[in-house]
Amino acid sequence: MSILGHEGTLTIGSEVTRIRDLTLSLTASEVDITTRADDGWRARRAGLLEWGAEFELLAVSGDVVWDSLENAFTAGTSLTATIADNLSHSVSGTVYVTSFTRNEPLDGAVTANVTLVGAAKPTIA
């Protein structure tokens, strides 16, 4: 069974319903462990792990979520976020807003591109 993107959720205090194209990233840095014994081939392994998310948020007058994200960005305060799909897979933890880019197209809705970065190890279920 396919997992449909529109069935996933982002929760920051409450479910954020006016988002588009959410991307969750779980990544590891690359650690070079090459030695002369590797016969001219570079040897690597996974290093430090990190996680985060990027999404587009549609602006709506009086939106509490928009305000909390913008305030967290300007104040440098953390939020708790949970990203889940419809099959009970989720990633949750403390995040910081590292980018809050407001888009005001001439022929379209006002949106913000938001980047969240994990503050520490998330809970993955």
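**View 1. Strand E7 and its partners.** Phe55 stands opposite Val114 in E7. Val114 is also the bridge partner of Phe100. E4 and E7 run antiparallel and are joined by seven bridges. E6 and E7 run antiparallel too, with eight bridges between them. Strands count as paired if DSSP finds at least two bridges between them. Helices (H or I, at least four residues) and strands (E, at least two) are DSSP runs, numbered from the N terminus. This is a predicted model: local features need pLDDT of at least 70, side-chain atom pairs count only at pLDDT 80 or more, and totals for chains, interfaces and linings use all residues. Residues are numbered from 1 along each chain as its sequence is written, and side-chain values use heavy atoms, with hydrogens and water left out.

**View 2. Confidence along the chain.** The score is pLDDT, the predictor's confidence in each residue, from 0 to 100. The protein chain averages 94, and 97% of the residues score at least 70. Confidence is highest in strand E7 (residues 111–118), at 98. It is lowest in strand E2 (residues 14–15), at a mean of 91.

**View 3. Thr115 and Glu54.** Thr115 is found in strand E7. Glu54 lies in strand E4 (residues 44–58). Which of the two is buried? Thr115 counts as buried, at 19% relative accessibility. Glu54 is partly exposed, with a relative accessible area of 47%. The cut-offs are under 20% for buried, over 50% for exposed and in between for partly exposed (1.4 Å probe, protein chains only). Contact means heavy atoms within 4.5 Å. Leaving aside neighbours within four places in sequence, Glu54 is in contact with Asp21, Leu22, Thr23, Val114 and Thr115. Thr115 touches Ala53, Glu54, Tyr96, Val97, Thr98 and Ser99, not counting residues up to four places away. The C-alpha atoms of Glu54 and Gly118 are separated by 12 Å.

**View 4. The largest nonpolar core.** Such a core is a set of buried Ala, Val, Leu, Ile, Met, Phe, Trp, Tyr and Cys residues joined through side-chain atoms within 4.5 Å. The largest has 21 residues. Ile12, Leu69, Val97, Val114 and Leu116 touch the most other members. Strand E1 (9–12), E4, H1, strand E5 (78–84), E6 and E7 each give two or more residues to this core. Among the contacts of Val97 are Leu69, Leu79, Val114 and Leu116.

**View 5. The aromatic pair.** How many aromatic pairs does the whole structure hold? A search finds one. The rings of Trp66 and Phe100 have their centres 5.2 Å apart and their planes at 85 degrees, so the pair is edge-to-face. Rings of Phe, Tyr and Trp (its six-membered ring) pair if their centres lie within 6.5 Å; planes under 30 degrees apart are stacked, over 60 edge-to-face, the rest tilted. Trp66 lies in helix H1 (residues 64–75) and Phe100 in strand E6 (residues 90–103), so the pair ties together parts 34 residues apart in sequence. Trp66 and Phe100 are buried.

**View 6. Salt bridges.** A salt bridge is a side-chain nitrogen of Lys or Arg within 4 Å of a carboxyl oxygen of Asp or Glu. The count comes to five. One of them joins Arg18 and Asp63 (2.8 Å, N to O). Arg18 lies in the loop between E2 and strand E3 (19–32), and Asp63 in the loop between E4 and H1, 45 residues apart. Arg18 is partly exposed at 29% relative accessibility, whereas Asp63 is buried at 6%. Another joins Arg42 and Asp32 (2.5 Å, N to O).
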